[in-house]
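Q: I have a multi-chain model open and I'd like to learn how to read it. Can you walk me through chain contacts, cores and domains?

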Amino acid sequence: MAAMNPLVANPPVATPFFFYLLAGIMVVGGILVITRKNAVHSAIALITALLAQAGLYLMLYAPFVAGVQIILYAGGIMVLFLFVIMLISIERTIKERQFNKQWLVGIVAAAALGGLFISVYTKGKSLFPEGHALYPEAQNTQAIGALLFDSRTGTYMFAFEIASLLLLVAIIGAVVMAKKRI
Amino acid sequence: MNSSLMQSVVDYIQSYLSSNQTPGVAGNWFWATVYVLLVFAGVSVGVICMNWLERKILAHMQVRLGPMRVGPHGLLQPIADALKLLLKEDIIPAEADALVFWIAPFIVDLAAFTVFIVVPFGPAHAVTDMNIGILFMLGVSSLSVLGIVTAGWASNSHYPLIGALRSSAQMVSYEVAMGLAVVSAIMMTSLSAEGGTLSMIGIVQRQQEQQVWFVFKFFPLGLVAFAIFAIAMIAETNRAPFDLPEAESELTAGFHTEYSGFRWSLFFLAEYAAMMAVSSIAVTLWLGGWLRPFPSALHGAIWDQIFSLFPGLTFLFLGGLCFFNAARMPKHPFFKIQTMGLAGFGAALGLIGLVLFVSGVRERVQDIFWFSAKVAAFMYLYIWYRGTFPRYRFDQLMKVGWKVLLPTGLALLILTAVVAMRTELWAQLEGAWRP
Amino acid sequence: MDAMLHISTLHYLVLGAALFLLGVIGVLTRRNVVIVLMSIELILNAVNLNLVALSRYWQGMPARLGGGPQALHGQVFAIFVITDAAAEAAVGLGILIAFFRNKETVNVDEVNLLKW
């Protein structure tokens, strides 16, 4: 079985380099999103972070989720954001105050949350033992399709239908919200 | 010492040439880099040729000659254009956001060139074979919308902004129709023994196994899907007759009005690369990719041999055209250099044609030649449409996208699913009918 | 050092936690509604990263515990989260446009018509 494992025959190349590169791009993009005055700059930083996240999904051997991320998030949601930013004149907002009055309380709360995360991850480090060189299935899309659609193994069919209903409601809601007169 | 090094290099190259996997799948980063550079060079050469071809073919369709001065029959015109664009002054409008203005052409280029990673020139001749090949191509080509929107906004001027918003609205609308046509083609791949797939090489292999190009499958469903995709891909790349956002008489060049010189050439490069990318999708999904014409009607070793002569014959024909036109050049001392240049070009093409007759080269070059020939036919169709059709008004454009192509695509999807599953459906209906 | 070089599931979880924190800071401290919405997208992406990383971890578990190479529940969940993020972004931006039409501002702390 190990001989057939392509991960042993062709081990992934330079994994730590790519992980730290993509993680660095994501963190820098996230910092730029929350600190820029210009909303378009924030949007471009977020697009970069989303594309780096798609790269991380590829590193986790989830190509279908990476493809969905590129199509929906970077190619759909961010276009929507850019359209709305351009419809709303923002020259005034660049000169206004950027951070609200409770920024100190906000940062303290986030620091408390960060402390919680650090304590959870240091105490629970042993919960995730590694060591399994897993065979990445060459049929990732087919396996996700089986979980979603197959009559025998599909456990998420109902959620899929509800998601389509949710999208319909969102479309109608967005149109009603943005129209001038209903 | 030296000969053993040469021998090991030759062995390395030969061991790779006989592989049957793409370098990405095989994990071979050296050959993957070589392929990436080859594809990049090939696409750039293709864009340069398209520049010349577009001006010449449009001119001949409009009963005029086109560029004739720069080099024999204008063959050096693209080089003159490139030099001009590189040497032009770089103007950035005042109060334009410099960073975003600078980034926008690169986003469009990134989107246009990254898709060529999965374009299959042959069963082992792609940079890599992703499991989600077609999804990757559709997704990354939709990133060019972001570049266009940021380009229009960063120019800080009315015409580019309106052009950018119109162009991106058009691209987003026709992406939906493209997606539906693609899904109906993917459904046809699931009828194979190995099951459905999204990988580009897998799609062509399914067509080879089912012995039919998907454009002819379940006639006329494959043909209508191909037609929907062919119309949507022209609107996706902002070409005539859907080029209102960038037409000179309408919006003074739309979203790239304020871009001059090298930045404009980046947009131009991205537009032609995107044309080639969506043509590659159409060729792979419906026209059998790298397969030679008539795989089932004209099968057998003799027909394989006959079709394998086509690459060499094509280049010999082009070389012959050059010699014919060199003989027709005016016999004036001013034209001596041009005549010699054209004859030399013809000789080079003829030499390539003769090399392509050599038996070892002939087999290897088959897949790449047929794929490139089909994509070249699509490029000619693009130029033909530009010279023939009048421009759509923007509301007519959106109406066609949403009210014509989308319902047709949906109906086609349902019909393809029903026809593909008709045997299972019939068996289930019979089983349900029996009490 | 060796623990930092061998990329394990914990690395992805820590990265997800860092992105979540950045998103939370953005939501709590910025005034511009569009940037608050973008910070919410950052939060959703951090959650997605956790889901996909843990789904890959689950694939190494034995099948009797629910693992195995077909156990891609995390990835399916991530796809649903992305779908929901699209719906929420559309409705949120619709609300933003409706409010901007009324009050000509995009600052969160000026949405105070119901304040006592």
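A: Some ground rules before we start. This is a predicted model, in which local features need pLDDT of at least 70 and side-chain atom pairs count only at pLDDT 80 or more, while totals for chains, interfaces and linings use all residues. Residues are numbered from 1 along each chain as its sequence is written, and chains are lettered from A and ligands numbered from 1 in the order in which they are written.

Q: Which chains have the most contacts between them?
A: Two residues are in contact if their C-beta atoms, placed from the backbone, lie within 7 Å. Here 2 pairs of chains touch, and the most contacts are between chains A and C. Chain B and chain C, by contrast, do not touch, and their nearest C-alpha atoms are 14 Å apart.

Q: How many residues of chain A are in contact with chain C?
A: 71 residues of chain A meet 64 residues of chain C. Helices are DSSP runs (H or I, at least four residues), numbered from the N terminus. Helix 4 of chain A gives the largest share of this side, 13 residues.

Q: What is that side of chain A made of, by class?
A: Ala, Val, Leu, Ile, Met, Phe, Trp, Tyr, Cys and Pro count as nonpolar, Asp, Glu, Lys and Arg as charged, and the others, Gly among them, as polar. The side of chain A that touches chain C has 53 nonpolar, 13 polar and 5 charged residues.

Q: Which residues touch the most other members of the largest nonpolar core?
A: A nonpolar core is a set of buried Ala, Val, Leu, Ile, Met, Phe, Trp, Tyr and Cys residues joined through C-beta atoms within 7 Å. Buried means 20 or more other C-beta atoms within 10 Å of the residue's own, with C-beta atoms placed from the backbone. The largest core has 178 residues, and Ala43(A), Met78(A), Ala232(B) and Val34(C) touch the most other members. Helix 12 of chain B (residues 262-286) gives the most to this core, 16 residues. Leaving out residues up to four places away in sequence, Ala43(A) touches Met78(A), Phe81(A), Leu82(A), Ile85(A) and Met38(C).

Q: Where do the domains of chain B lie?
A: Domain bounds come from an automatic or database domain assignment. For chain B, that assignment gives domain 1 (29-87) and domain 2 (91-293 + 404-421). Their C-alpha centres lie 21 Å apart, and 11 residues of domain 1 are in contact with 12 residues of domain 2.

Terms used:
Helices (H or I, at least four residues) and strands (E, at least two) are DSSP runs, numbered from the N terminus. A residue is buried if 20 or more other C-beta atoms lie within 10 Å of its own, exposed if 12 or fewer, and partly exposed in between; C-beta atoms are placed from the backbone.
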